[in-house]
Amino acid sequence: MYRPYRLKQDIIDQAKSANLIDYMLINHPDKVFTSYGVRDSEHDSLVLYPDSFCRYSTGEVQDSIYYLTHYQDYRWRDAVLELAAFAREDYGKPGTPAFDSGFHKKTDRFFRPVETDHIDLITDYLHNERGISIDTIQNLVKIKKLYPATVSNLGKDFVCFANESMEYYSLRNISSDGLPKLQYTKNPGGFWWFSPLDFLGESGLLKFLERTGYLYPSTMPLYICEAPMDAISLYELTHENAVYAAMGGLKPNVSLNIIQEFSTCKNGDSGNRRKIVIATDNDAPGNKFAESFPVPHERIHSDLKDWNEDLFYLQ
């Protein structure tokens, strides 16, 4: 990568803090379109987020600087300086393209993916094509971590992995028509997760709370996976009482949010006592992510490429 003059780290950090959606709507409105999020006009599976992008057709996830250099033909230095300057400006005013398009940070345009009654279709897909047990599917539906959804013009039937509290929704198409994956969220740092403890139901959970004193004790590990399907598959392989979380790709900022959310440092503890386990895919990007992860952790990986492949192979 060409970097003729070294820029200070604070300038680079400032560039990464710029809102990529606003930047593109203001500076390159002809290079994006606003249909179910903001998308690159040349690659309709490439969805922009305030601090990053995801190209769902390839699984590529990178930051704003990378997007400008690899998809908008910017030199690296120019991308950093442009984004840093943009971050110092205030574009949250009526009359600007970003504001009027409804995609500013404070927009109310966000919507929950539309739920359908096609529970039988997603159950068949998850069980027969992905190897997930019927019991686990039904439990995830019961605790509202999973539901059937549809997205107009982009796919009739999706499995929607929902984190309602964060308004985070990760969708996987169960057919070949439409986009294979979608993501909707108000919070770019959002994620999906579940714990089998929640499968106990109200009476069982109350009994568990009486024994432990709190919901997710520090003895329960936190598994950080790439996708919801990986997290569910890992649980199916282990049936361990743990917290299973999915970043929605390889996203360091999201992984740190996950750790903070389930940290035990909330009642005067001096440090997080929960075991952190990086369970990303068994490939070059997944291994690199684990090797460079800044928080003390354990590393596990599937025998094949990902946990769902392992699960399906064992059946």
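Analyst: Ala, Val, Leu, Ile, Met, Phe, Trp, Tyr, Cys and Pro count as nonpolar, Asp, Glu, Lys and Arg as charged, and the others, Gly among them, as polar. On that scheme the lining of the largest pocket has 17 nonpolar, 13 polar and 15 charged residues. The model is predicted, with local features requiring pLDDT of at least 70. Residues are numbered from 1 along each chain.

User: What makes a residue part of that lining, and which lie nearest the centre of the largest pocket?

Analyst: A lining residue has an atom within 4 Å of a pocket point, the pocket being an open set on a 1 Å grid where a 1.4 Å probe fits, with protein on both sides within 12 Å along at least five of seven lines. The largest pocket has 45 such residues, and Gly 59, Val 61, Gly 249, Leu 250 and Lys 251 lie nearest its centre. Elements giving two or more residues to this lining include strand S5 (60–63), helix H9 (228–238) and helix H10 (252–261).

User: Why is Lys 144 called exposed?

Analyst: Lys 144 has 59% relative accessibility, and exposed means over 50% (buried is under 20%, partly exposed in between; 1.4 Å probe, protein chains only). Lys 144 therefore counts as exposed. The residue sits in the loop between helix H7 (134–142) and strand S7 (146–151), and its phi is near 65°, a positive value in a residue other than glycine.

User: Where is His 239 found, and what is its phi?

Analyst: His 239 is in the loop between H9 and strand S13 (243–246). Its phi is positive, about 50°, although His 239 is not a glycine.

User: How much of the chain is buried?

Analyst: Of the 315 residues in the chain, 48% are buried.

Methods. Predicted model: local features only at pLDDT ≥ 70, side-chain atom pairs only at ≥ 80, totals over all residues. Heavy atoms only, no water. Helix = DSSP H or I, 4+ residues; strand = E, 2+ residues; numbered from the N terminus.
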